[in-house]
Amino acid sequence: ATPRFGIMDAASLKKAAAAISAAAALAYVVRQLQQKSASGSSTQASSHQAVDQQKLKVAQAVAVERYVADTKGKLDAGVKDADLDKIGDLFKYVAFKSEYKTQFMARPDVGEGELLKVTDWKLLTPKDYDRTCFHFEVDVAGTSIEHLVNGADGKALSVYATNDPVKVREFMMMMNIDPNAVVSCDEIAPQSEENMVVLTTAEKLFTQYLDIFGKPTREFLKKLFPFATDIVEKVAIAELTLDRKTEEFQDKQARACTFADYLTEYKSLKIPLEKYTELIPTVKQRVYSICSSTDYRPGKCQLLVVREDWQAKGGDTKFGLCSSFLTFIRPGSYCIGHSTHSVMKIPDDKTVPIFMAGLGTGLAPFRAYVEQRKFQKSQGHKVGPMTLFFGGRYSKSEYYYRDEFEAFEAEGLLKCCNAWSRDTAKKVYVQHKILEEADSIWEHLGRPNSKGYFFLCGSKQPEKDVFAAIMKILQDKGGMNETQAAAKMESLKEAGRYVTEVYQMRALHRLKSAFL
C-alpha cells in the first residue's frame, strides 16, 4: 500500500512529503528503528460484521492506492520552500520508505474504516427550502464491505466526517499552531505491530481526528485549567467545574460552546501539540440507514440524508458535523466508512406481506426493501405484497424518489399510502393512513396465523401514535380489549414482526445543547 516515488532530489522529496501530508484522510504509519512505540489494538473497530482481518488490510491498502492515484495530480501542500525543512521527519520516511516500511492509512484509529469514493450526490428538496435533504452514493465495488452494505439486509453505513478545513485553519492560527508540525497519534491510534507508530501533521490532526467543534464536558475543563499561565484565567476555568458554577456552565452548553471556543477564549493557554489528543476526543462515527439494495444496485451504497440544524441559545443556527460534511462533499471526493448493524432487516420469507412506515428520511431502509423485492421478482421469485406509509409535510418538496415509487406502484410491487401534513387545511399524518388500511393490517398482522410484518423508521415523536393506531385496529377489527391488544403487540415484537428504529430529531425539538 506504499505509494511509489521515482528517484528524486532532496528538494523534490521534501515537496512530495509535504503534498502527501496534505492529502485528505491519510496518515503515515512507520516503523521506528530506534524508538519502540506502544502496542495495542485498534480503538474503533465497531462494525458488527466479522471481517477477515488480512483481507481487510489488503482492501484498505488498495483503497489508499486508488485514492493516491486519483488525487496525486491535485496534491498541493501549499508549503513554502522556506518551510519544507519543518517536515524533516516526513521527508525521511518518504525518502527511505523501504527501511521504515512507510505506509499511508486512512484513520488508523478506525480499525475497519475504508476510503470510499463518492460517485453521486443529488439535492432532493428545493434550493430555497427550509430543510436540506439529499441523495448520496459511494462506490463499494472491490472493497471489503461490497457485500455488507445491503440496506434491506439489516445493514447501515458508519461515516467519519472531517472538520471544516477553513475553520480548522482559523483555529490553528488563533492558537499559534504550525499546521506542518509532525505529531504522533499513538494516543488515539495504537498499532498492533511492534515498533510501529502513526504520524500525521497538526493540520490533519485537527481536521480528521479531533472533534474540536464538538461539545465539551466538565472533565475537559478539569484537564484544561493547568495549561493556563495566567492565574485569573486558571481560576476562571477551574471554577466552571464547581457546582456553584453549574448555571454558568449550562448557559455555555445552551449556547453550543465548543472545545475550540473554550481554547480560543482563554489567551494564556499554553498547550503542547502532543497534549491535544489527551484533551479532546476523536470524531466519532455517525450511522446512516442505507437506502439501496446491493443486489439491485451492485457495487453501490446509497444514503438518504437530511442536514441537521438547530437553534442555540442566543439565536445562532448550528449544524450537525457529519450531515454538513455530507452536504458539501461531491462526486470524486472520498470519505471513510464501514458497515454497521441495523435492526431494519427484510424478512427471509419473500412472500410475507410487509407494512412499512417511513417518516422523513426514515424512508431510507424501505427504499432498499422495495429494491430487494424488485430484484427477487426479476429473478423469477414470487414476492408478497408491500404497503408503504410515508409521512412528510409537503408532497411537492418532500416526496423523495417519487418517480421510483410511482413506477414500483404502477407495476404492482407495492401500495403507497402517503400522508402530507401541510398539503391541505386538514393535517394528515401517517397514523391516519394506517387506520385507512385497517382491514389489510388486521388480516396480515393481527389475525391468528397471519404472517405479516410491520416496520417503523424515522423520528421518535410519531412512534406512540403509530403504536396507538395499530392497537385500535386490533381492538376494532379483532374484538380485543386493551390488555389483549397490548399482549398481541408484545408478541409481535418478540417474534420480530413489529420492528422500530426511531431517533430524536434536533431540528424538530430544537435541543439547544445537543452536539452531534
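Which side chains meet in a salt bridge at 2.9 Å, N to O? The pair is E404 and R367, a salt bridge here being a side-chain nitrogen of Lys or Arg within 4 Å of a carboxyl oxygen of Asp or Glu. E404 sits in helix 15 and R367 in helix 13, so the contact ties together parts that are 37 residues apart in sequence. This is a predicted model, in which local features need pLDDT of at least 70 and side-chain atom pairs count only at pLDDT 80 or more, while totals for chains, interfaces and linings use all residues. Residues are numbered from 1 along each chain as its sequence is written, and side-chain values use heavy atoms, with hydrogens and water left out.

R367 is buried, at 2% relative accessibility, whereas E404 is partly exposed at 24% (buried means under 20% relative accessible area, exposed over 50%, partly exposed in between, with a 1.4 Å probe and protein chains only). E404 also meets R297 in a salt bridge, at 3.7 Å from N to O. R297 lies in the loop between strand 8 (286–289) and strand 9 (300–306), so its pairing with E404 in helix 15 links parts that are 107 residues apart in sequence. Helices (H or I, at least four residues) and strands (E, at least two) are DSSP runs, numbered from the N terminus.

The two helices themselves also meet. The axes of helix 13 (residues 364–378) and helix 15 (residues 402–410) come within 12 Å and cross at roughly 40°; axes are lines fitted to C-alpha atoms, for helices over the stretch in contact, and angles run from 0 to 180 degrees between N-to-C directions. That makes helix 13 oblique to helix 15, given that angles under 35 degrees count as roughly parallel, over 145 as roughly antiparallel, 65 to 115 as roughly perpendicular and the rest as oblique.

Most residues other than glycine have a negative phi. Y401, in the loop between helix 14 (395–398) and helix 15, has a positive phi of about 60° although it is not a glycine. A256 has a positive phi too, of about 65°, and lies in the loop between helix 9 (246–254) and helix 10 (259–265). Y401 is buried at 10% relative accessible area, and A256 is buried at 2%.

Back to charges: the structure holds 29 salt bridges. One of them joins E239 to R244, with the closest N and O atoms 3.0 Å apart. Here E239 is partly exposed, at 24%, and R244 is exposed, at 61%.
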